[in-house]
Amino acid sequence: MGLAAYISRRILFSFFVILGELAIVFYLTNIAAPNPAVIWAGPESTQQQVQLVTELYHLNSPWYIQFLYYLRNIFTGNWGTSPLYQRPVLSLIEQYLPVTLELAIISFVIKVLAETLLGVVSAVRAGGLVDNAIKWFYTVTRSLPPFLLALGLLLIFSYDLKVLPSSQPINPLLALNTPAFKVYDPFTGRYVGFWLIDNMPVLNALLVGDWAAAKSGLVHAILPACTLILFGFGGLVRLIKVSMLDALQSDYVRTARSKGLSERAVVFGHALRNSLLPATTLMGLLFAQLVAGSLVVETVFDYYGLGYYLGQSLLTFDTPSLIAGTVLITTIIVLSNLATDIAYGVLDPRTRV
Amino acid sequence: MLTGIALLVVLYAGALIAYVDPHLITRYNPDALDFAQANSPPSLSHLFGTDIEGRDVFTRVVYALPLDSLIPFAIVGFGVAVGLSLGTVAGYLGGAVEEIVLRVTDMFFAFPSIVLALAIASILGATSHGGRLYYSMVALMIVSWPFYTRLARAQVLVLRNAPYVKVAEAAGYGRFSVIRRHIVPHILPLVTAYASLDMGTTLLTYSVFAFFGLGAQPPTPELGRMVYDGLNALPGNWWWSLFPGIVLTLFALGFSLVGEGLRDILDPRLRGAA
């Protein structure tokens, strides 16, 4: 199968996965809710409002008809209104999604660098004390209950040492109200912007040039990012180590050594470069893990992102938010997996099935 | 791996004793309130301290052992049973059956398991408070099997052309009998290795459910729930959540050490990496 056909098949499949998950979650909320109209309208709504919402979302029809209307509404920009926040779900997502993405990207970069470095070290020092220490470090971290790990870090660095803030993506006093891309649109008379970037606390502050806010955003990200990095730490270390061990015994490394190259040049320039190829396929999976992990991390650290939002909607049965949040996180994860599949397909033609 | 086996043996022996006769290990009642002794830190009479109502934390940990040692077995056991049957049958029969099974598996495999499981458990648990212990397990079961289907099918593709399978077919054994007697026994060791790795993570995932009000409901003693309930008291009464957390970690550590040990023995590509 050609590459183009393979990629388009994967994209189509990803679309069906997202649709399938949406259908499952929608169906379950539908059978679980004794009176869906009250959920969609909010707990303190009047009889009239409930009636209105029932008609608006076609709540008297069977669930699959409702589902079709929901799908149509998603594409036209009406994601329902959250009874918890009393705001449209879409505006909540515009606010929360960029925060999570930024945190995930920061953690992703640090995690990949750290794990690669540890993988190289444990391959070079295979069987030695350092190798064993690294192995035990990640075996034990992986076995810690996730929120105990998060809270442990919170207690030590925030309450005991008082060096790092315990909650929120940014100091509210420094939070910016001047988004980088927001401009006045004379035709509609509204302020429009590029919300995906405008709502990223650190990136927006950097773009505007407000260093105090950028620093505050980074400092607030340290603890959540560290926790995310430690979740499932070690998978990449292991992979890099296996392929590094292979590479270090190969002919081209022996040739490089016999040319008189320094050990550093041999390890990083020759062996690591070739070992990175299999690791690229793990990147999508790693990013997906970070996004899924944000559910716990953001809830513990009150870091107001998508994970926090979904966590709150799970706790309060805020159905419109629950469906939207679940599907959005699914979408991000499915897209990361799609990137993995495409990387596989490009790098290894045998997998194109 | 020996460390892992030792850990699991001790924990499961403890669970067994706790199930048969908890009074061999502890002299307290897990639900007995004793306000005179409330909030006392760990001491000789209360090894893990007591909680706000004076209940002995050590006793509650002991009473939680049977449930917590069964949760991963129930969930992963379900996943292995379903995944192994679907995977072997699909891989062995091939054709349309394989295609259908694979597409459905791929679909479930692509779901982000914890997010979907949390959503399912939360929605199902919305109407019934008491059922949350089971709904959370069901939710994790629903997302547990696709991995094993893929693993089993990949192995069957290798084994299908093995000489002893060909011999068994030539000897006139039926298809399902070949699968059951000649293929499954050869896949089982590798599946066990991955299942062991999976059990540790599953138990930890289940403990996350407590955080969102799902999973076991009080006063049922369950380790994840106890860790969560103790979190509100941090940093003051650290013993409420630390000790159940340590026991939970030991479970996960045991499963993951055993799993990694088995995998290194059975999967030669990874040998030397551990």
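Reader: What distance separates the end C-alpha atoms of helix 2 of chain B, and what span should its 37 residues have?
Author: Bear in mind that this is a predicted model, and that every value here is computed from it. Helix 2 of chain B covers residues 57-93, and at 1.5 Å a residue its 37 residues should span 54 Å. The expected span counts one less than the number of residues, and it agrees with the distance between the end C-alpha atoms, which is 53 Å.

Reader: At which residue does helix 2 of chain B bend, and which proline follows?
Author: The bend in helix 2 of chain B is about 40°. It is found at B:Leu65, and the proline that follows within four residues is B:Pro66.

Reader: Which residue follows helix 2 of chain B, and what is its phi?
Author: The residue that comes after helix 2 of chain B is B:Gly94. The phi of B:Gly94 is positive, near 65°.

Reader: How many residues of chain B are in contact with chain A, and which three supply 16% of the area that chain B buries there?
Author: On the two sides of the interface, 46 residues of chain B are in contact with 45 residues of chain A. The area buried between the chains is about 4,000 Å², and carbon and sulfur atoms give 78% of this area. Of the area that chain B buries against chain A, 16% comes from three residues, more than from any other three: B:Ile123, B:Phe211 and B:Phe212.

Reader: How many salt bridges cross the interface of chain B and chain A?
Author: A salt bridge joins the side chains of A:Arg238 and B:Glu260, with N and O 3.7 Å apart, and this lies within the 4 Å that the rule asks for. Across the interface of chain B and chain A, the number of salt bridges found is two.

Reader: Is A:Leu239 buried, partly exposed or exposed, and which residues beyond its sequence neighbours does it contact?
Author: A:Leu239 belongs to helix 11 of chain A, residues 235-248, and its relative accessibility is 30%, so it counts as partly exposed. The C-alpha atoms of A:Leu239 and A:Pro278 are separated by 8.0 Å, although the two residues are 39 residues apart along the chain. Leaving aside neighbours within four places in sequence, the residues in contact with A:Leu239 are A:Pro278, A:Ala279 and A:Leu282.

Technical notes
Residues are numbered from 1 along each chain as its sequence is written. Chains are lettered from A and ligands numbered from 1 in the order in which they are written. This is a predicted model: local features need pLDDT of at least 70, side-chain atom pairs count only at pLDDT 80 or more; totals for chains, interfaces and linings use all residues. Side-chain values use heavy atoms; hydrogens and water are left out. Helices (H or I, at least four residues) and strands (E, at least two) are DSSP runs, numbered from the N terminus. Buried means under 20% relative accessible area, exposed over 50%, partly exposed in between (1.4 Å probe, protein chains only). Contact means heavy atoms within 4.5 Å. The bend at a residue is the angle between axes fitted to the seven residues ending there and the seven starting there. Buried area is the accessible area (1.4 Å probe) that two parts lose on being put together, summed over both.
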